[in-house]
Structures are given as C-alpha cells and as structure tokens.
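Work through the exercises below with the sequence and the 3D structure in view. Each task is followed by a solution in steps.

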Amino acid sequence: MFERALVGSRKYWGLIVVLLAIIGVGFICYLKQLDYGLGITGMSRDVAWGLYIANFTFLVGVAASAVMVVLPYYLHNYKQFGKITILGEFLAVAAVLMTMLFILVDLGQPARVFNMILHPSLRSVMFWDMVVLGGYLLLNIVIGWLTLDAERKGEKPSAWLKPVIFLSMPWAISIHTVTAMLYCGLAARPFWLTALLAPRFLASAFASGPALLILFCLIIKRFTKFDAGKEAIEKVAQIVAYAVTTSVFFLLLEFFTVYYGQLPKHMIHFHYLLFGVEGYTGLVPWMWASLVLACLSLYLLINPGTRRREDFLAAACAAVFASIWIDKGLGLIVPGFIPSPLGEILEYAPTVPEILITLGVWGVGFLVLTVLYKIAVSVKEETAA
Amino acid sequence: MMKVSRRGFLKATGLVVIGLVAKPLFDTLSRLELPQLSARLGTLTGKRLAMVINLKACLAKDGCSDCIEACHRIHNVPDFGNPKDEIKWLRTVPYEDAFPELKHEFIAKGLKGLPTLVLCNHCANPPCVQVCPTGATWKREDGIVMQDYHRCIGCRYCIAACPYGSRSFNWRDPVPFIKEINFGFPIRTRGVVEKCNFCEERLAKGLPPACVEACWEKKVLIFGNLEDPNSNIREILHLHYSLQRKPYLGTNPQVYYIIT
Amino acid sequence: MYDADKIITGLIIFLCLITFPIYYNIATGKAAYRPEPKIVTEEKQCVESKGYMRAKHMDLLEEWRESVVREGKRVYVASDGKQYTMSLVDTCMRCHWNKAEFCDLCHNYVGIRLNCWSCHTLPKRD
C-alpha cells in the first residue's frame, strides 16, 4: 500500500521538498541546542517550560479529537463519516508523533530518555502519559492502516479490529485527561490547580482537532478527486461549534471562580495573562487575540448561514485553531510559572532557534500526515473509480 | 527452498520480537517501587534531619553571605551573573517573598524586606519526588531529598512541582562560570536539575553542612535530628515560635524559621 | 524473493568485506595495533585482581555509583577483606591519575565515549 506515497504529482513532491527543508533547518537548530544546552531557548530559571511543552499540550488535543469522527461512525453507525474516519485516525498518528518529538526536544538529557522505562515511577503522571500516548499511537496506526487495506481489497476489516476500535475511543479521552493531570495535580502552581482543566482540555481539543480536519478536507477536495462529502463536513462543523461553545463556557467559569473568589495566589496568574502584572504584559496581546478569535469563530459557527458556506467555515476553523493554539499553548504553560513561587517575574519569549526547532517538529508531523493522506486518498480514488 | 509467505514471515518476526521484549519488560515491571505510605506520613524511622534558621540573628541584612559562599564554593555552583541561567542552592529573598501569605501593609519594621535564607526544604512529603518519572529524585530514610545527576533526564517536572523555587536547571555548560573547581565534589553537566543536598557528602564524613559550619559562631543555622528528643534543634523548636514556608500545601518542610 | 541470487551474492561480499579486519589479524598472527595503557602508581594491588578489573571495571564502577549515590553507602569491602572508600576521583584516580594514558587510551581504541568526566573532574598533575 505504501508504494502509493512514492508516485505523485509535481505539487505533491514540491510539498515534500518544502517540508524536508523545514525539517532540515529545525534539525540543524536542534544540533545547536544539543551542543549549547536548553539555554538556547527563552526558558529560564523561573519559566521551566515554554514553546515545546505548549505545542505538546495542544497537539495531544488534536490527537485525541480523532474520536469525534471515529465514535459517530463506529458506535452510532453514522455512515456519512465513512470517508473521513481514516483522515481523523491518520491526523491522530501525526499529532501523537509530534507530541513525542516535542517531549524529546524539551529534554535536557535526551539520550537518557529510556530511564523512563528502565526506572519507571508509577507515582509520576509523566510515566502514565508516556504509556497512554504510546498506546494511542499504536492503536491509530493499526486501525487506520488495516481498515484502509481492507477497503483497498474490497473486503470487510478483520473482526478482531472492532474491539480494538472501541478501545481506541476511551483511550483518546484518556490521553488528554492524563495530559491535563500533568498540570492539575501540582499544588505548587495555582494557575493549573483546577479540576476543570481536563474537561477544558477535552472541550478545546474537540474544537481544534475537528477544525483542522475540516481545513484538510477542504484542501484535499481542492487538489484531488476525493470529497469527504458536504453532509460530513457540515456535521463536523456542528461538532466544532458545540465544542468551541463548551470550551469558552469552561474558560468563563474559570474566570468567575478566580475573580469572584479573589484568592490572590490564583488571581495573580490570570491577571498576568489578561492584563499584565507590574508592567509585564508579554502575553496580554496574545490572550486577547485568542479571545477575539474565539468570539469570531463562535459567531461564524453558530450562525447556520455562515457555517454552511465553505469560505466562512474555513475562516472560522482557522480562527478556532489559532485561538486554541494560543489559549492552550503558551497561554496555558507560561502563566503557570509567572510570577514564580517567590513572586519574582521573569518574562518568557521564545528565541529564533527555539521557533525553528518547533517548526521542524511541525514539519515532521506534516510530512507524515502528507504521506499518510496521500496513501489514503489514492486508495479512496481507486475504490471510487 | 522452504516456502514462506510474506504474511507468515511477518507473523514469525512479530513473535520473535515479543519473545525478546517480554522477559526484560516483565523484569522491569516486577520490581516497580510502589508508593510507601510510611514515607508520606513521616513515621518514625529513627532519623529526621532538619534545619532551623534564626531569621533576626542572621547578618545577611548587613551584607554577610558567608554561608552562601561556602555552600556554592564547596558544591561547584556556578555564578552566571544573570537571572535567566541562574543556579542557586542557597540564597536570600525578601521576607515577604519567602512567606507570601504573611505579607500585609504593616509588617514589623525588623521583618519588612529582611533578607531571608531559602534553600531546599527537604519536605517530609516532597512533591518533586512524587512527579519525577525516573526516580532521579527521592527521599532518603533520614529525610534528605536527593538528586541523582546520573539518572535525571532533564524534563523539569520537579521544578514545576516545587512550591519553593528551590530547584535549578543547568540551561548551559556551567564550567566556565565556576570560579574555582572543588575536585572533591562533582560539577554538573548541562541538562540536569540540581539543588541543595543538605551536605549529604559532608554528613557522611561526620561534618556539619557547609552553611552551618560557615555560620558556626553566630548560631543562625541549627542543624540536627528531630527524632532525637534531646537534640539541640528540638529544644530550640520547643522554646521558640517557628514557621514553615507554605505549610498549607501539606509538604511539611524540614527547614524551620524562628523569629525572636 | 525476487533476484535471490544477486541479493545473496551481494550479502556474502558485504559480510566478507566487513569482517576483513578479523581475518587479517588471524592470518598475520598479530593485531595491527594494541593499546598499552600505562599504570603509574606506588600501590602494588588494585581493589580487585588485575583480571577482574580488566573485565569488570565498568560493572564495579556502576555498583559503586549506585551504592554511594542511591544508598549512601561509601565503604567497599574487597574480596581480600580490605576496605576502600568508593570514589572515582579519590580512590581510583589517586593511583590511576594519568587518565589520558590509562582510561582514554583503551576507550578511544574501542570507540567508547564516556561521560564520567563531564561531571567528575581531576586536578592538574604532572
């Protein structure tokens, strides 16, 4: 089946070359980081996690969101999703791969990463996150590949695959729940210490992932003969609309508890994020951009007139993606560290090598995704013909 | 030649791989350390090392930094001269930053802005130990929270979990920033976390912690075993009003502060 | 398998080439180069026998490391009953202070890159 990735149009190879170039630049920067140390990034004494962990968190959400197309198709027999479940599963594969790479580039001693398996600590949430992410990657590769292979042969997928698919659904929820637990169990960081974090993560994941999926469907439709179908896209758009609404609702609940409760050590982090503290306002424009984009997408998605038009839908999905990337990326990680437990403020801004390494990891993800989508679309085109 | 289908070959390969992986995996999983309840509750295990800091007697307000210098010299702690890369085992912060919940408008004159020594609290219930994915940081029987620079993978989860900002990360090679290397103690490589170790290597030789020794006459720092009812440290805590940093977090710090 | 004969021939040629140094050493009866680490010390006896140290020094060092760092136990009782402080810098390197001619010589030869010295340092000595 893989040979379908080795034949393609000029545009396909052009895209591959561009992605390889981005990966190459990122890799060179990563070698520099290995040589100098993580000090090459904007991270510091007080801000121990930055852009890498921000992207990690965001992408776990994208990976988990595959369940939003898998579940209606397999559990509720919603036939319209038959064509796009494979796109959801392959998106999950690429996203999980990126989360793992982001953890790897964030490690101070990447060569010792296997200490997590040689000396595992069951009390550490990070150990369990490794377990669920690894499992999820495996599940999606197996499910995606075998269902596509069966489709190519015009057969039904093997019977044993069915329970595996059912297992992948709660597993998807688990990856994002455990990732939230990395943060929401730390009494030292009041900004994250909220039981609402896992639900918030899931809501924003089910908005950002399917939004990305819609964008990919629209792009694929333009460049190939594969069309996910108007009804399927409309349905995913509805899912995104509900999820964004829930996500914003959860965020407002968080604001209420913090600002009405007036607990200073909780409030100060939100204050830093929304208004700045002592003249330090590094994240303020970003967070307001996120909020404005969220409102805009809400308007475009709730209003059926705009939601059903492809151009408006594409704009809304891009807005959702950007809004949540900020809110759940740097907007979630950095304020956890500012001010520090001692009340000191050391602001964070990513450096150029850090950004290039980040782009490199995204490049790897997109490369894997391009190849997988190429295979999937080729098979779909053949079976349709 | 024996006819082997591709499918059959892959199946056999898969079985071989499972066979090779199963034994080491079982060995690893069968010696997992389960969380020890006794360690969390801090039951009596014979020795519980702790420190008392006499806040007002400390001469840091007059510019004294003997203890910090002794500590950082002996442990090869680099001085980067910038807060971004900074590594600190022992340092002073204003009183209000060490005890943020005690901050108000009318703090006593002697306490307002008073340089307060802060270090790893060697918590009885350390959150850093709970989160470490590799066991690179753990609590010894005598209460010292240790850091294994050989095992640390540099994920910095412990830094996120520490409510006291007591842990530092080697963002870059520290060697050029160490004034004079003490060959009796290792330096650190980039990419690992480090912190105060209560001078575990000196205690093993029967010596007091370096900071305590540097301040021996002034008696600002008192070090001892809290399990021993006749110890000096127990008597001091018995006679004075004492504070712990952020006690409401349930970490039970083993560095106590007295204000007299 | 397609082109089985070509692939197998190729594999055989590859194996011959890559194992050539071994045949060469057997045929000529001696290795082309053999590192001879120098031991410069007043002590007559290492913590364990020469043969044991040659074969197992890495295991011994790891055992020492685990014992000192993780268990806080610092005294090593050798098989002859003598006691030693478990310390790379203070015990091993007190005798084997010529790291370049002792440790590095062999390790470079067999292409092993150690990271002991990124943290453990030795004073300069002539």
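**Exercise 1: a salt bridge between two chains**

Task: Which residue of chain C forms a salt bridge with Glu200(B), and how far apart are the closest N and O atoms?

Solution. The model is a predicted one. Glu200(B) pairs with Arg74(C). The closest N and O atoms of the two residues are 2.8 Å apart. A salt bridge requires the side-chain nitrogen to be within 4 Å of the carboxyl oxygen, so this pair qualifies. The count of salt bridges between chain B and chain C is three. By class, the side of chain B that touches chain C holds six charged residues, along with eight nonpolar and three polar ones.

**Exercise 2: the extent of the interface**

Task: Find how many residues of chain B and chain C are in contact, and what area the two chains bury.

Solution. Start with the residues: 17 of chain B are in contact with 14 of chain C. Next take the area, which is about 1400 Å² between the two chains, with 54% of it on carbon and sulfur atoms. Then look at the chain B side, where His150(B), Phe183(B) and Ile187(B) lose the most area to chain C. Together these residues make up 39% of what that side buries.

**Exercise 3: chain B by itself**

Task: Describe the make-up of chain B in terms of helices, strands and buried residues.

Solution. Count the elements: chain B has nine helices and ten strands. Of its 260 residues, 51% are buried. Its accessible surface comes to about 12900 Å², and carbon and sulfur atoms account for 59% of that surface.

Methods: Residues numbered from 1 in each chain as written. Chains lettered and ligands numbered in written order. Predicted model: local features only at pLDDT ≥ 70, side-chain atom pairs only at ≥ 80, totals over all residues. Heavy atoms only, no water. Contact = heavy atoms within 4.5 Å. Buried area = accessible area lost by both parts, 1.4 Å probe. Nonpolar A, V, L, I, M, F, W, Y, C, P; charged D, E, K, R; others polar. Helix = DSSP H or I, 4+ residues; strand = E, 2+ residues; numbered from the N terminus. Buried < 20%, exposed > 50% of the residue type's maximum accessible area, 1.4 Å probe, protein only. Areas by Shrake-Rupley, 256 points an atom, 1.4 Å probe, with all protein chains shown as cover.
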